[in-house]
Amino acid sequence: MQKTTPSFVASALAISLALAFPAHADSAKNAAVVKEAPLRAHLAFLASDVLEGRGTGQRGADLTVAYLETQALALGLKPGNGDSYRQSVQIAGVKTQPAESTLKLEAGGQALPISFGKDWVFAPGDATAAHSFNADLVFVGYGITAPDEQWNDYKGVDLKGKILVMMVNDPQPTAEQPNRFNGKGLTYYGRWTYKFEEARRQGAAGVLLIHTTPTASYGWSVIQNSWSGVERFQLAAGTLGTQLQGWMTDDTARALFKAAGQDIDALRAAAESKDFKPVPLAAKLNGDMKAAVRKVEQFNVSAVVPGTDPKLKDEVVIYSAHWDHLGKQGKDGDLGDTIFNGAVDNASGSAALLAMAQEAVRAPAKRSQMFLWVAAEEQGLLGSAAYAASPLWPMAKTAANLNLDSLNFVGATRDIGTQGSERTELGKLAETAAKAMGMHIAEAEPDLAGGYFRSDHFNFAKNGVPAFSIESGREYIKDPAGAKAKAAAYGKRYHQVSDEYDASWDLSGMVQTAQYTLNLGRLVANGAKLPEWKAGDAFAKPRNAK
């Protein structure tokens with residue numbers, strides 16, 4: 001555990017506040033040049049134990065929001081919501097109570113010997129404290145209805161009140177159809193969020209997703225840390241989910257299907273065909289599910305640098321990053337580290353926005369620029385979804401959203417990741433910005449993990465705003481082999497207590513990414529017109545008129 005002393009906190013605050021007011025001569029000489037010192041100071045503080053992992057609904061969340069709005073005020077940024085930097089996000093907090101729940105999976109007349117957390121996890125998707133089940137299980141393959149792919153796993157079967165068992169990811173490419181469902185890249189149909197949404201539309205009582213590391217792109221420990229013994233969140237307003245949402249391990253699924261007299265591998269193979277039809281399982285979900293439910297108010301933080309052009313200032317470029325992480329888990333008195341500091345994910349992006357904003361104030365652009373720190377990303381992009389539902393700036397006048405999430409802590413690169421920019425006219429601007437910095441765009445790779453659909457920019461894209469997340473390149477300048485190994489090793493720290501700030505980090509790559517993002521945003525902010533989506537893209541539609 002990273003130990004944080006009062007002197008450390010005072011130093012971090014003092015440094016960041018002092019750097020908010022640089023000498024005027026330095027401002028004139030180095031306009032819009034992102035500096036490492038403020039970025040590092042903000043990163044160290046945001047990732048410190050003082051903020052307790054910035055968990056949604058926890059004390060650390062309140063401290064984080066207070067820090068961000070205080071820094072925005074110190075930098076001279078204008079409030080983004082009238083006279084306030086805060087935008088309320090109303091959330092329902094749900095914590096499963098496995099000890100009080102009697103849920104069991106039954107097949108072949110017997111209950112499977114499985115335990116919550118180790119073998120499966122579940123929670124209510126409708127913010128209701130108690131549910132009783134005596135529901136049949138149905139395997140629905142990938143659980144996808146995709147008219148654009150001429151694909152329907154449901155085939156009109158009445159599934160009201162059923163528990164749907166389904167695979168994550170989407171149908172794999174074949175020799176005959178190498179580009180179906182974006183080939184090797186994941187589409188939104190493959191995301192677990194889509195699976196839950198579609199199950200609700202089908203009238204199902206619940207969903208159990210089958211986890212495998214290759215199809216989910218992360219191990220079971222990530223599921224455990226997000227579902228087992230912790231509070232989960234959903235927006236309090238709007239459409240709620242099914243009564244039950246959950247996951248099971250592959251071993252649990254295999255045991256279930258075998259007990260139900262089914263060959264799971266044969267059914268998985270059948271689900272790769274568009275001719276697949278739902279398969280009832282000789283199995284049930286029985287018992288009661290109990291959960292503690294509460295209402296929580298969290299906040300997006302929005303700050304603006306007004307544009308200089310009399311007409312174009314009514315349009316805006318939005319830079320975003322999520323300020324939350326997994327917070328403090330466990331009970332007081334627990335031995336060991338209980339704080340998920342989230343240094344890379346995403347104190348890095350939040351700190352970068354503060355360092356960028358410091359420079360944007362010095363050198364404003366023709367269009368306005370908004371710096372938006374969103375809440376509850378780790379809970380399903382809730383803060384950005386709330387913003388999209390009630391935007392502080394009309395979507396029709398939002399030029400672009402450039403998102404930062406988990407930045408480069410290894411070192412500077414010769415390339416920069418802009419996957420998703422090619423969907424829009426931002427692609428050409430991204431190339432221009434890279435060339436101006438002596439860089440090039442990183443070679444595109446199949447989006448196996450569905451990264452485009454699991455970051456906050458996606459809620460802007462769904463509303464017609466050209467949007468993507470800017471990522472680290474892979475061509476490291478110093479010690480390429482060692483740098484790649486260091487970057488790869490982060491996979492073991494992802495969503496673990498070990499994602500902590502290290503003062504020895506080379507932040508040149510993080511500064512580089514922040515500078516690139518600001519430069520690209522300024523190209524958009526000073527451009528002659530708003531960038532648009534390329535014709536034929538799945539998100540090519542007019543910006544939401546709100």
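Select Asn 403 and Ser 469 to begin: Asn 403 stands opposite Ser 469, which is in strand E21. Keep in mind that this is a predicted model.

**Stop 1: around strand E21**

Which residue of E21 is the bridge partner of Ile 416? Click on Ser 472 to see that partner.

**Stop 2: Asn 300**

Go to residues 279-305. You are looking at strand E13, and Asn 300 sits in it. Is Asn 300 buried or exposed? Its relative accessible area is 0%, so Asn 300 is buried; the cut-off for buried is under 20%.

Show the side chain of Asn 300. Follow it to the backbone nitrogen of Ala 375, 2.9 Å away. Then find the backbone oxygen of Gly 383. That oxygen lies 3.0 Å from a polar atom of the Asn 300 side chain.

Next, display the residues that Asn 300 touches, skipping those up to four places away in sequence. Among them are Tyr 85, Arg 86, Gln 87 and Val 89. Others on the list include Leu 372, Trp 373, Val 374 and Tyr 387. Ala 375 and Gly 383 are listed too.

**Stop 3: Ala 355**

Select residues 343-362, which form helix H10, and pick out Ala 355 within this helix. Ala 355 has 0% relative accessibility, so it counts as buried.

How many residues apart in sequence are Ala 355 and Val 34? They are 321 residues apart in sequence, yet their C-alpha atoms are 6.1 Å apart in space. Val 34 is one of the contacts of Ala 355 beyond four places in sequence.

**Stop 4: the whole chain**

Zoom out and switch to a cartoon view. The protein chain has 15 helices and 21 strands. Its C-alpha atoms fill a box of roughly 80 × 55 × 50 Å along the principal axes. A compact globule of 546 residues would have a radius of gyration near 24 Å, and the chain agrees, with 24 Å.

Colour by burial: 57% of the 546 residues count as buried. Then show the surface. The chain exposes about 21,500 Å², and carbon and sulfur atoms supply 54% of that.

Finally, consider contacts between residues at least 6 apart in sequence. Of these, 84% join residues at least 24 apart.

Notes
Residues are numbered from 1 along each chain as its sequence is written. This is a predicted model: local features need pLDDT of at least 70, side-chain atom pairs count only at pLDDT 80 or more; totals for chains, interfaces and linings use all residues. Side-chain values use heavy atoms; hydrogens and water are left out. Helices (H or I, at least four residues) and strands (E, at least two) are DSSP runs, numbered from the N terminus. Buried means under 20% relative accessible area, exposed over 50%, partly exposed in between (1.4 Å probe, protein chains only). A polar contact is a pair of N or O atoms within 3.5 Å; within protein, one must be able to donate a hydrogen and the other to accept it, and residues adjacent in sequence count only if both atoms are side-chain atoms. Contact means heavy atoms within 4.5 Å. Two strands pair if DSSP finds at least two bridges between them. The radius of gyration is taken over C-alpha atoms; the globule rule is 2.2 Å times the number of residues to the power 0.38. Accessible areas come from the Shrake-Rupley method with a 1.4 Å probe; for residues, only the protein chains shown count as cover.
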